[in-house]
Amino acid sequence: LARVGGAGLGIKFGRYIGHIDEGLVAVADELNIPLISFPDEIPYIDITYPLMSRIVNDQADLLAYSDKVYRKLTSVALESNSIDMIAKTLAEILNKPVKIATFMENFFNPRDLRTYQCFPVEVRNKTYGFIYVESTTEMTELDMIAVEHARVLVALQLMHYELASESGWNERRDLLDDLLSGRLPALPVLKARADVFGFSLDTPK
């Protein structure tokens with residue numbers, strides 16, 4: 001019970017056990033686990049029902065908070081298409097400074113991040129970046145819910161950037177292949193494709 005972080009141990013000693021064993025009391029004291037003796041006349045349902053109600057209500061509160069945070073971060077990500085805005089919104093939710101470093105930019109100086117906790121943004125064992133949250137104390141369960149949602153959205157955003165970049169290079173390569181191989185479409189189509197990438201096909205004067 002102590003190993004898994006149990007809050008306490010409640011036992012009806014009277015009906016089945018008869019008395020409280022001093023050895024049990026000593027072990028409970030040593031492990032700092034409250035040992036509670038319940039009177040025989042109290043049904044277990046009167047004990048377990050309020051506890052289970054509290055647990056279920058706490059879980060419902062966590063789910064409601066998670067949904068609220070997810071909707072807020074998702075809305076910002078879709079409307080802004082900006083990693084910086086996700087960082088700003090996460091900082092507002094956590095009420096803590098937040099930095100996000102990605103593969104597309106230089107990472108922060110480690111000396112500037114000594115008071116920050118680091119959370120990698122990973123997809124299939126590939127690291128796309130890091131979320132840094134300034135906090136010298138352990139993150140709460142609510143904090144981690146927000147960070148996890150932010151990690152998913154940042155990963156999706158960075159994967160989108162990566163795919164768009166790869167697509168752009170593929171289209172550039174296809175255009176150059178067509179030019180070099182002589183597989184030339186109509187000139188207006190060719191010029192339109194070249195204009196997209198900032199290439200000029202006009203004859204120098």
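## A residue to start from

Val133 is in contact with Leu94, Lys96, Pro97, Val98, Thr115, Tyr116, Gln117, Phe119, Met139 and Val147, leaving aside its neighbours within four places in sequence. Contact here means heavy atoms within 4.5 Å.

This is a predicted model: local features need pLDDT of at least 70, side-chain atom pairs count only at pLDDT 80 or more, and totals for chains, interfaces and linings use all residues. Residues are numbered from 1 along each chain as its sequence is written, and side-chain values use heavy atoms, with hydrogens and water left out.

## Overall layout

The protein has six helices and five strands. These are DSSP runs, numbered from the N terminus: helices are H or I with at least four residues, strands are E with at least two. Along the sequence the pattern reads β-α-α-β-α-α-β-β-β-α-α.

The protein has 205 residues, and 27% of them count as buried. Buried means under 20% relative accessible area, exposed means over 50%, and partly exposed lies in between (1.4 Å probe, protein chains only). Now take the contacts with a separation of 6 or more: residues 24 or more positions apart account for 55% of them.

## The largest nonpolar core

Which residues touch the most other members of the largest nonpolar core? They are Leu94, Val98, Ile100, Ile131, Val133 and Val154, out of 24 residues in that core. Six elements each supply at least two core residues: α3 (44-80), α4 (83-94), β3 (98-102), β4 (116-123), β5 (126-134) and α5 (141-181). Helix α5 gives the most, with seven residues.

A nonpolar core is a set of buried Ala, Val, Leu, Ile, Met, Phe, Trp, Tyr and Cys residues joined through side-chain atoms within 4.5 Å. In soluble globular proteins, nonpolar side chains tend to be buried together.

## Two helices side by side

The axes of α3 and α4 come within 9 Å and cross at roughly 155 degrees. That angle makes α3 roughly antiparallel to α4. Axes are lines fitted to C-alpha atoms, for helices over the stretch in contact, and angles run from 0 to 180 degrees between N-to-C directions. Angles over 145 degrees count as roughly antiparallel, under 35 as roughly parallel, 65 to 115 as roughly perpendicular, and the rest as oblique.

On the α3 side, Tyr65, Val69, Lys72, Leu73, Val76, Ala77 and Ser80 make the contact. On the α4 side, the residues are Met85, Ile86, Thr89, Leu90, Glu92 and Ile93. By class, the contact has nine nonpolar, two polar and two charged residues. Ala, Val, Leu, Ile, Met, Phe, Trp, Tyr, Cys and Pro count as nonpolar, Asp, Glu, Lys and Arg as charged, and the others, Gly among them, as polar.

Is Asp143 buried or exposed? Asp143 is buried, because its relative accessible area is 9%. Its place is in helix α5. Beyond its neighbours within four places in sequence, Asp143 is in contact with Leu94 and Lys96. Leu94 and Lys96 are also among the contacts of Val133.

Thr115 is found in the loop between β3 and β4. At 34% relative accessibility, Thr115 counts as partly exposed. Thr115 and Thr137 are 22 residues apart in sequence, and their C-alpha atoms are 9.5 Å apart.

## Two asparagines in loops

Asn32 lies in the loop between α2 (22-31) and β2 (35-37). Its phi is near 60 degrees, a positive value in a residue other than glycine. Asn32 counts as exposed because its relative accessibility is 69%. From Asn32 to Ala7 is 25 residues in sequence and 9.4 Å in space, C-alpha to C-alpha.

Asn95 lies in the loop between α4 and β3. Asn95 also has a positive phi, of about 60 degrees, although it is not a glycine. At 69% relative accessibility, Asn95 counts as exposed.

Leu9 lies in strand β1 (residues 9-11). Leu9 is partly exposed, with a relative accessible area of 32%. Beyond its neighbours within four places in sequence, Leu9 is in contact with Leu1, Ile33, Pro34, Leu35 and Ile36. Leu9 and Pro34 are 25 residues apart along the chain, yet 6.2 Å separates their C-alpha atoms.
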